[in-house]
Amino acid sequence: MPLLTDLSAAVAAGKRIDTIRITQELLAAGTSPQDVVEQGLVPGMANVGELFRRNEIFVPEMLVAARAMKEALKLLEPLLAKAGIKPKYTVVIGTVQGDLHDIGKNLVAMMWKGANFAVVDLGTNVSADRYVAAAREHNANVVGLSALLTTTMPAMKETVRLLKEANLPNVKIMVGGAPITQAFADEIGADGYSADAGSAVNIALKLVGEAA
Amino acid sequence: MPTVTMTGCERVNRMLARQDHDRVPRHDTYWPETIARWQREGLQWDQTDALRLLGSDFQVLCWAWPAPFPGHREVLAQDAETETVRDAWGGVGRFWKGRSGTPEHISFGCDSREAWEKTYRPALLAAPNPINTQLAALRFREGRQLGKWTYLSGVEAFEALRRLIGDETCLVAMIEDPDWIRDIVQVHTDLVIRHLEVVLAAGVQPAGLWIYGDMAYNHSTMCSPAMYRDLVWPSHKRLADWAHAHGMKFIYHTDGRVTGVLDLLIAAGVDCLQPIEAKAGMDIRLFAPTHGDRLAMFGNIDVMKMATNDVAVLEEEIRTKFAAGMATRGYAYHSDHSVPPSVSWATYQAIVGLVQRYGTY
């Protein structure tokens, strides 16, 4: 029988067929779906994030790893749903109003999914009101705002302001994107800033109080 | 103190060869909204006037971006702010109405190797050359008369790949089906050269080839240096070799952090890198001393600092970066991206003054 560490290694290497096979074998051997996710897939994707952050792998390797993970989750999600097991954290993500760019946002969503967060992707050109409504509706732990353009940074600032005013005490706000810096994040009152998709999981975990 | 006045063409050629010249060559790019703002604040006409005030040394002649369905633009849906369009590459994107900005890419017609081989490859090879050779020749004559550095322009293979098959398909295929990527890269590069050769055949003798392709973002290159070397670098080398064989210098435009591939770009034959995006961590003060003897640098003046509209901040930016670049004799002014509409006309006029003040040898 393969080990959970074999699954972590397969998903980190982006070996889709091996990832599916090992997932099936682990389930057949009686490993719980929750353990397969939390002790197999999540550590594999965490390794991907760390290697990416250190420039030891790049976007193509991250994409094939995420694709392998997605295939495994197709097998696991019905079993998790049947057992009533839900992800511990819910995150809402989108690109701010006035910005149609989505590559960075998609990469972060992919990594959050790989960390077993429930991800609500609002897409692009998302108004502040929609962020607030989604955060409330899904009882989000983290709301992620992305911007590519310098011209949409004011929209990010406005969204942070409205989220803060919406009286959602459990919601932490994370920002990122090409023109965004830690200094800008601090200036507009965001709770966290991620410079790259590889760091986004650890920063979100820290924001919700988990040691990353 | 300069003792002679040079034409823009002489100035840029000497900059590219890292030989003495009178002042830093200059060019810039503006968002349409920036020009609209400046018109409200005193700019008399359009971006031509801004470039004239700056003292631009450059003149584009034509643009090569082979498409399978040239001229195709089909509006599929629209709302008050955006319209969804199927374009000349077979992709569907959502674009802003009446303002600039990066579109949202919704789908790509060429989404598999099968679609490429059956439809898109044959369509690309059969499509007419969209370059207006007469217009290119007219611009060349005008540019030469004004002493400008005239150049052919277009899009390189990595940018073309992303437009044709999309980021995700492209980047995954770089691992899972590299031969498909090689084929697209080769077909695109063949066509760019074929299209531009028609301009040369009309008697146009440009000084350079300035090719656009964003292969990086704020964290790094999109793919590893090894993957770039294997799949895309050969096309960059081919374009550089072709330019050099026709007496042209080769300027390569890429946004993002490309510090990891600077040596590969030099080995490909890139003569000059532009625009050297500051917000992605690119800083000529750091790599002019290490690479400035082999690579000319064009840009790096931070648009985020321009957007502060604080002349003291800009003076420090221009003074220190010009000093680093000018020490190599291989530096030209350009914003590190495009000047955004948050920059006032008064600020830009101050920038031009600083460029003049600190950019004279």
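Helices and strands here are DSSP runs, numbered from the N terminus, and that numbering gives a handy landmark in chain B: just after helix H10(B), B:Gly247 takes a positive phi of about 75 degrees. Keep in mind that everything described here comes from a predicted model.

Going along the sequence, the pattern in chain A runs α-α-α-α-β-α-β-α-β-α-β-α-β-α. With a radius of gyration of 17 Å, close to the 17 Å that the globule rule gives for 212 residues, chain A is as compact as a globular protein of that length. Laid out along its principal axes, the C-alpha trace of chain A spans about 55 × 35 × 30 Å. Of the 212 residues in chain A, 54% are buried. As for how the chain meets itself, take the contacts in chain A with a separation of 6 or more: 74% of them are between residues 24 or more positions apart.

Where the two meet, domain 1 of chain A puts in 12 residues and domain 2 of chain A puts in 11 residues. On the domain 1 side, helix H3 (33-53) and helix H4 of chain A each supply at least two residues. H3(A) gives the largest share of that side, nine residues. Sorted by class, the side of domain 1 of chain A that touches domain 2 of chain A has eight nonpolar, one polar and three charged residues.

Next comes the contact with chain B, which takes 20 residues from chain A and 28 residues from chain B. Helix H4 (residues 59-82) of chain A provides the largest share of the chain A side, five residues. By class, that side of chain A has 12 nonpolar, five polar and three charged residues.

Chain B itself holds 15 helices and 11 strands. Its radius of gyration is 20 Å, close to the 21 Å that the globule rule gives for 361 residues, so chain B is as compact as a globular protein of that length. The box filled by the C-alpha atoms of chain B is roughly 60 × 50 × 40 Å along the principal axes. Buried residues account for 49% of the 361 residues of chain B. Among contacts in chain B between residues at least 6 apart in sequence, those joining residues at least 24 apart come to 72%.

Back, then, to helix H10 of chain B. Made up of 13 residues (233-245), H10(B) reaches 18 Å from its first C-alpha to its last, close to the 18 Å expected at 1.5 Å a residue. Several of its residues are buried, namely B:Trp233, B:Ser235, B:His236, B:Leu239, B:Ala240 and B:Ala243. Seen down the axis of H10(B), these buried residues fall within an arc of 165 degrees, so they line one face of the helix. In general, an α-helix has 3.6 residues a turn, so residues three or four places apart point the same way. And what covers the buried residues of H10(B)? The cover includes helices H6 (157-165), H8 (178-201), H9 (225-231) and H11 (262-268) of chain B, along with strands E7 (208-212) and E8 (249-254) of chain B.

Conventions
Residues are numbered from 1 along each chain as its sequence is written. Chains are lettered from A and ligands numbered from 1 in the order in which they are written. This is a predicted model: local features need pLDDT of at least 70, side-chain atom pairs count only at pLDDT 80 or more; totals for chains, interfaces and linings use all residues. Helices (H or I, at least four residues) and strands (E, at least two) are DSSP runs, numbered from the N terminus. The expected span of a helix is 1.5 Å times one less than its number of residues. A residue is buried if 20 or more other C-beta atoms lie within 10 Å of its own, exposed if 12 or fewer, and partly exposed in between; C-beta atoms are placed from the backbone. The arc is that of the directions from the helix axis to the C-beta atoms. Two residues are in contact if their C-beta atoms, placed from the backbone, lie within 7 Å. The radius of gyration is taken over C-alpha atoms; the globule rule is 2.2 Å times the number of residues to the power 0.38. Ala, Val, Leu, Ile, Met, Phe, Trp, Tyr, Cys and Pro count as nonpolar, Asp, Glu, Lys and Arg as charged, and the others, Gly among them, as polar.
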